[in-house]
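Please look at the sequence and the three-dimensional structure shown here, and keep both in view while you read.

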Amino acid sequence: MTASVAVGARARDVVGTSPARPDGIAKVQGTFQFSSDLGGDGVLWGMTLRSPHPHARIVSIDVGPAWRIDGVAAVLTADDVPGSPTYGLISHDQPVFARDVVRYVGEPIAVVAADHPETCRRALAAIHVEYEVLDPLLDPEAAIAGTHPPIHPDGNVIRHQRILCGDPDVTGEVVVEGTYELGMQDQAFLGLEAALAIPDPGGRGVELHIATQWLHEDRAQLAACLDLPVEAVRLVLGGVGGAFGAREDISLQVHCCLLALRLGRPVRMAYSRRESFLGHVHRHPARIWMRHHATADGEIVKIEARFVLDGGAYASTSSAVLLNAITHTQGPYRCPNAVVDGWAVRTNHLPCGAMRGFGVVQACFAHESQMDRLAEACDLDPVEIRLRNAMRTGDVLITGQPMESVAPVERCIRETAALPLPDEPIGGHDHDPMRLPGGAGRTADEAHVVRGIGWGVAMKNLMYSEGFDDYSTARCRLADGQATLKFATAEVGQGFVTIAAQIARTVLGVDEVELDRIDTQIGSAGSTSASRQTWMSGGAVDAACRQVRERLFELVGAAHGIDPLRLAIDGTDVVDTAGELRVPVAEATAGVVIDETVEYHHRPTEELDELGQGRCHTAFAFVAHRAVVDVDPELGLVKVVQVATAQDVGRALNPLSVVGQIEGGIAQGLGLAVMEEIVQTDGVIRNASFTDYLLPTFLDMPPVVASLVEEPDPQAPLGAKGVGEPPCISSTPAIVAAIRDALRQVDGVGRRLDRVPVRPSDIALERQ
Amino acid sequence: MTAMEVYTLRVNGDDREVADAWLGESLLYVLRERLGLLAAKGACEQGECGSCSVLVDQHLVCSCLVLAASAVGREIVTVEGLAPVGVPSDVQRAFVDAGAVQCGFCTPGLVMAATDLLDRIPDPTDMQIREELAGNVCRCTGYGRLVAAVQQVAVARREAGEPA
């Protein structure tokens, strides 16, 4: 469909341009309402009592002393949950409140409501819980081996899945292997969990204003726990201050609604930063063994792998994360034979679930580290080994699924390689110590610093997998030259609100596009995750607008005696492609209301069978990263100098937004490479604050040089692939490879650096 | 809660009375919950992220670390005081145009910090921008478009200030 692409001289905010976000001015002026900004007179505060133990039996709970504190309005425990006592995204294994046993530090036990947050804190401190501390399960291997008693009725193994492809006994002339570990990363969105629940009179229903990634999924889980009909639970998207996977699961939703319904008064809850670390799921820590077999020329013959993901206390999306991890074992490379064994297990660590990259981050750190080892073993350049194995459309994956997506892997690598390297020498032309590893610490001596270059290339599935129909719904209403769009797509910062309007302008030839409130008063949009909303909700908006346009053409055709099939949109006009007619859309729609609602579904997928075979994924995107780092080998300090990337985006609907996703994703990949890790000792989190959990700042993040590889994907409704996740996937191994490259230059010795985040001690002490 | 007194804060040029407040409340809490000025955001509660940045007597501070009662007699400026609603400042406009806004939660704090930076250093180098703004964490953007926004304002102001 090319007729609707603007051809007029006037610049219009259509697809392919980068108009300003519709919520931009409100956000810079501070008037945009985040979920934590919702309150009002008479609204009570809610707060959660959490377990201090990773594993303990609850002997007794005495809430009496909390009730005696002036200003306390409610104290609720497991006894006060009217409906399902548990919830969960895939299996409902997580209690609303712990009743008999706690399984992680931070597990909710009770909530209170009071007039002031300080009153809440005192009330929580007054609740007396007697625990019998139990032996925690902290070693994932013990969960697999069955040597620890089950810590949950569902058992200690969440999912075990194998993949067997081709000949398991074939070997290669060159064999490299390694064991890789990734620490637990936190999404660390800035806008803490917050909600406002407003009960209906008589407790017959509730309206929840919530920062979430998936309104309808929250609603279904909420209704079950509250024992209310789904229609009685209405959700409205409160302004979302970032998400990155951490808002896909229930956190405070049920608690907040329970308090509001019990009290018949609005209740707000807002997590502290410490509580946020405890209250949402994290990226799975992983231990991955991989063995690559290759020909002497570096062509992959077989990959063997074993994945162990620590799911923490509750299942969340662990089974899907595991699927993603093992099905991305090969990365963006051809692989004819594979033997993969994957485990996602339950422990008494913090629960893990979705985070940007969703299992592929873990797989990619392992396969990219392996590719570098393979290159070394074959005496090849890191770029050359990747080019030799680069996947192409039509290749068959280790799951037996054919690669039907556009797969410009080679082009991503070549375009990345062609991007300029930094022109600044170590320390910069101005010898500013701020440019050195350690920065403001002024610790590194310029003469000791070594520069390295490393590579990472990734494949990432888009949308949900294994038979899940994660459809999206959109409604388009066209009246008097103005389009109104309605959808339940969670805008979490990624900018769907911007491209939704761009799509409507493009298809309908209108300039005025109004966005209705994002809530559950329309069908589900699915989750804002899995790099799926541009494709899915973009597809739904596009389809709804096209249906409206067809109706418009019928009207115009009837009015002018023209076959509607001859009509097209040109700029802001309806035109007859075989005649003279040209009518402005505004004029053609005067007094007319056209209203269409459409569900967009992606093509069906299958579950994997016992041997890990099946067309389980919907589509794929690809990306290459090249990192340049300066390393002080003595102190183990790293300064990332530049990240270059070429990303397969299909088609950039909003190039500025794509760049924003690329730069932001790379920052999170950098964080995992050298800074970010939730540290737990004996099941107790040690760094639940921004003082102790380190996030990349302006000074940690280098300039990004990006090239957008645009090969529109015929499967994608707008040709556009999701762009959110790939940037954070292979940026991590690229940075680690660059550190290894720098250290190799110091004394010619290769370092494993097989664990992220890489700590200064890993660099400085592994040298001995 | 018990034991309150009345005190007055001068915010964005207006005297605002704070009554019945617990004296342990931070400036951030009082701005947001008592005075209804919601632009400053709380994200770490320990001065690490800068989301709550405001000016107190022209010094950029994290309002989560300042006791509200200790700001009596001082000039407090929040994002609400930078420009009227619907008439964004050049810094605010540049943030939007340059793509420096995604989720927007860090944005008010960064707008304050960038405004303060450009007032003190009208023509900052790239490194100065990064160093000066390093107290403000953004989790969405990776900072590239934020640096571009600040540079954009510096260039525009310089060009506007040059004699015709």
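This is a predicted model: local features need pLDDT of at least 70, side-chain atom pairs count only at pLDDT 80 or more; totals for chains, interfaces and linings use all residues.

Strand β2 (residues 56-62) of chain A is joined to β6(A) by two bridges, and the two strands run antiparallel. Strands and helices here are DSSP runs, numbered from the N terminus, with at least two residues (E) for a strand and at least four (H or I) for a helix, and two strands are said to pair if DSSP finds at least two bridges between them. Within this pairing, A56(A) stands opposite V102(A) of β6(A).

Residues are numbered from 1 along each chain as its sequence is written, and chains are lettered from A and ligands numbered from 1 in the order in which they are written.

## A hairpin and its parallel neighbour

Strand β19 (residues 472-479) of chain A is joined by six bridges to strand β20 (residues 482-487) of chain A, and the two run antiparallel. C476(A) has L485(A) of β20(A) opposite to it. Together β19(A) and β20(A) form a hairpin with two residues between them, and in the turn D480(A) has a positive phi of about 50°.

β20(A) is also joined, by four bridges, to strand β21 (residues 512-515) of chain A, but this pair runs parallel. Here T484(A) has E514(A), in β21(A), as its bridge partner.

## A buried alanine

A195(A) belongs to strand β11 (residues 194-199) of chain A. Is this residue buried or exposed? A195(A) counts as buried because 28 C-beta neighbours lie inside 10 Å; the rule is that a residue is buried if 20 or more other C-beta atoms lie within 10 Å of its own, exposed if 12 or fewer, and partly exposed in between, with C-beta atoms placed from the backbone.

Leaving aside residues up to four places away in sequence, A195(A) touches several residues, including S35(A), L208(A), G238(A), C256(A) and M269(A). Such a contact requires that the C-beta atoms of two residues, placed from the backbone, lie within 7 Å. A195(A) and C257(A) are 62 residues apart in sequence, and their C-alpha atoms are 9.3 Å apart in space.

## Domains of the two chains

Chain A is divided into domain 1 (35-134 + 195-240 + 247-279), domain 2 (286-465 + 607-765) and domain 3 (470-600), with bounds that come from an automatic or database domain assignment. The C-alpha centres of domain 2 and domain 3 of chain A lie 38 Å apart, and the contact between these domains takes 20 residues from domain 2 and 18 residues from domain 3.

For chain B the assignment gives domain 1 (5-81) and domain 2 (90-161), whose centres, taken over C-alpha atoms, are separated by 22 Å. In their contact, 13 residues come from domain 1 of chain B and eleven residues from domain 2 of chain B. Strand β3 (residues 53-56) of chain B gives the most to the domain 1 side, with three residues.

Chain B has five helices and five strands, which follow the pattern β-β-α-β-β-β-α-α-α-α along the sequence. Buried residues make up 55% of its 164 residues. In helix α5(B), the buried residues include L146(B), V150(B) and V153(B), and what covers the buried residues of this helix includes α15 and β30 (704-709) of chain A, together with α2 (90-98), α3 (107-120) and α4 (126-132) of chain B.

Between the chains, 51 residues of chain A are in contact with 43 residues of chain B. On the side of chain A that touches chain B, at least two residues each are supplied by α1 (24-29), α3 (117-126) and α15 (655-674) of chain A, and the largest share, eight residues, comes from α15(A).
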